[in-house]
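Morning, everyone. I have one structure to show today. Please look at the screen.

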Amino acid sequence: MIAPGMRYAPRAFLPRVFRQAGVLLLAALVLALLAAAFHPRRPVWSRDQAMIPEVAWSTVQEWPGLRLLVDARSEVAFRRQHIPGALPLSEVQWEERLPAVIQAWQPGARVVVYCDNLGCESSQAVARRLRRELGINDVFVLKGGWNAWLEAQKQKP
């Protein structure tokens, strides 16, 4: 029983609750979409962010014509050792190193970007930027990266 002076209307109460819950869910959805669109570490889902094709070192060696090797590892790793003829270009030093890469690249040359190993994402990031910002379509990532190249050198007679 309801005390005198209190109003209890369950039928009017439920629609208001559902309406408020709907407004809260809509607000959460809008904020989540904004975060997904503008967050610097957002998921990869656009065509220009697609994975760059990987290529084995043995295939790179068989390619006729011009090729440009780009080392996406750290400056320290590059100075220590790199594939002969490779140019350093990491996202960290993009602005400083890009002019040398542009000067070395020739139309028709295939660009092969590498970093440390299969788990390294730097080569994909640098390759995507080369494709997107410079319009170079023949950009590839060396499958297995630096470690794969080292293994290939051990296999040489």
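Let's start with burial. Of the 157 residues in the protein chain, 29% are buried. Buried means under 20% relative accessible area, exposed over 50%, and partly exposed in between, using a 1.4 Å probe and protein chains only.

A word on the source. This is a predicted model: local features need pLDDT of at least 70, side-chain atom pairs count only at pLDDT 80 or more, and totals for chains, interfaces and linings use all residues. Residues are numbered from 1 along each chain as its sequence is written, and side-chain values use heavy atoms, with hydrogens and water left out.

Now the surface. The protein chain has an accessible surface of about 11,100 Å². Carbon and sulfur atoms account for 60% of that. The areas come from the Shrake-Rupley method with a 1.4 Å probe; for residues, only the protein chains shown count as cover.

Next, the layout. The protein chain has 6 helices and 5 strands. Reading from the N terminus, the order is α-β-α-β-α-β-α-β-α-β-α. Both are DSSP runs, numbered from the N terminus: helices are H or I with at least four residues, strands are E with at least two.

Contacts, meaning heavy atoms within 4.5 Å, come next. Take those between residues at least 6 apart in sequence: 66% join residues at least 24 apart.

Last, the cysteines. How many disulfides are there? The count is 1, taking cysteine sulfur atoms within 2.5 Å as a pair. Cys115 and Cys120 form it, with sulfur atoms 2.2 Å apart. The link is left-handed, at -140 degrees about the S-S bond. Cys115 is buried because its relative accessibility is 1%. Cys120 is also buried, at 16%.
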